[in-house]
Amino acid sequence: MSDTDRTTEEETTKSVGRYRLVRRISTTPCGPEHLAIHKTAGGLVAPCRVVLVPSDLAGDHGKTLTQIRPLLALNHTGLIRMIDAGSAEGQLYVAYEHFVGRTLAVVLRDHEKRQGPIQPSIAALVAIVVTRGLAYALKHGRAPVSQAHGLVELPYVYIADDGQIRLMHFGLPR
């Protein structure tokens, strides 16, 4: 469970599209992010993350979805994969694979408190992984640069306890 998962206890029974929102886990510039359950056609239940894009950012849903949908095909070890995007009952949403980790902002803050600044070699590794994921998104996402990454910032880079590094929220309106 990530630090963001632990910080919010707001339980919900709301649904959007084919997703049941379990609880709000963070608030991002892209909108509130929820731990959600997706019931697949085969009856399997899979956890995922769902971001509800606020109406002031969503704009015309059709146009926004047209810009986001090419990014659904992206599958790279440096990216938290988008699995769905849609609009239900006037709410634009984007669903991502479930990835348990902490944001780079939280990791850096905690490391600074305990041990001081991170080593340059670790910073370089994070930069390499994020750059490779972003390069893949630009090459294969069939979207302009501004849509493929938006703003790459610390809250959009996640690090798992096992060291996996991934970029999330690329391509969403801000």
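Predicted model: local features only at pLDDT ≥ 70, side-chain atom pairs only at ≥ 80, totals over all residues.

Q: What is the make-up of the chain in helices and strands?
A: The chain has 174 residues, and 47% of them count as buried. Among contacts with a separation of 6 or more, 53% are between residues 24 or more positions apart. As for the elements themselves, the chain has 6 helices and 9 strands.

Q: Which residue takes a positive phi in the hairpin of β1 and β2?
A: Strand β1 covers residues 15-16 and is joined to β2 by 2 bridges, with the strands running antiparallel. Val16 stands opposite Tyr19 in β2. The hairpin has 2 residues between its strands, and the one with a positive phi near 60° is Gly17.

Q: How many aromatic pairs does the count come to?
A: A pair of aromatic rings is described by the distance of the centres and the angle of the planes. Here Tyr19 and Tyr93 form an aromatic pair, with 5.8 Å centre to centre and 65° between the planes. The count comes to 1 aromatic pair.

Q: Why does the pair of Tyr19 and Tyr93 tie together parts that are apart in sequence, and how many residues apart are they?
A: Both Tyr19 and Tyr93 are buried. Their geometry is edge-to-face, as the 65° between the planes is over the 60 degrees required. Tyr19 lies in strand β2 (residues 19-28) and Tyr93 in strand β6 (residues 91-97), so the parts that the pair ties together are 74 residues apart in sequence.

Q: Is Glu33 buried or exposed, and what is its relative accessible area?
A: Glu33 has its place in strand β3, residues 31-39. That strand is mostly covered, with 7 of its 9 residues buried. Buried means under 20% relative accessible area, and Glu33 is buried with a value of 0%.

Q: With which side chain does the side chain of Glu33 make a polar contact?
A: Leaving out residues up to four places away in sequence, Glu33 touches a group that includes Arg23, Arg24, Arg49, Tyr158 and His169. One of these is also a polar partner: at 2.7 Å, the side chain of Glu33 makes a polar contact with the side chain of Arg49.

Q: Which residue in β4 does Glu33 stand opposite?
A: β3 and β4 pair in the antiparallel sense over 7 bridges. Val51 is also among the residues that Glu33 touches. In β4, the residue opposite Glu33 is Val51.

Q: In the open sheet of 3 strands, which are the edge strands?
A: The order in this sheet is β7-β8-β9, and the pairing is antiparallel. An edge strand here pairs on one side only, and this holds for β7 (102-103) and β9 (165-167).

Q: Which helix packs on this sheet, and what angle does its direction make with that of β9?
A: Strand β8 (residues 157-159) and β9 pair in the antiparallel sense over 3 bridges. Within that pairing, Tyr158 stands opposite Arg166 in β9. Touching both β8 and β9, the helix that packs on the sheet is α5 (residues 120-140), and its direction makes an angle with that of β9 of about 40°.

Q: How many residues are in the second, separate core?
A: Leu167, with its contacts in the largest core, touches residues including Leu79, Ile80, Val130 and Leu134. The second core is separate, and includes Val16, Cys48, Leu52 and Ala95. Its number of residues is 10.

Terms used:
Residues numbered from 1 in each chain as written. Heavy atoms only, no water. Phe/Tyr/Trp six-rings, centres within 6.5 Å; stacked < 30°, edge-to-face > 60°. Helix = DSSP H or I, 4+ residues; strand = E, 2+ residues; numbered from the N terminus. Buried < 20%, exposed > 50% of the residue type's maximum accessible area, 1.4 Å probe, protein only. Polar contact = N/O pair within 3.5 Å; in protein donor to acceptor, adjacent residues only side chain to side chain. Contact = heavy atoms within 4.5 Å. Pairing = 2+ DSSP bridges. Axes fitted to C-alpha atoms, helices over the stretch in contact; angles between N-to-C directions. Core = buried A, V, L, I, M, F, W, Y, C linked by side-chain atoms within 4.5 Å.
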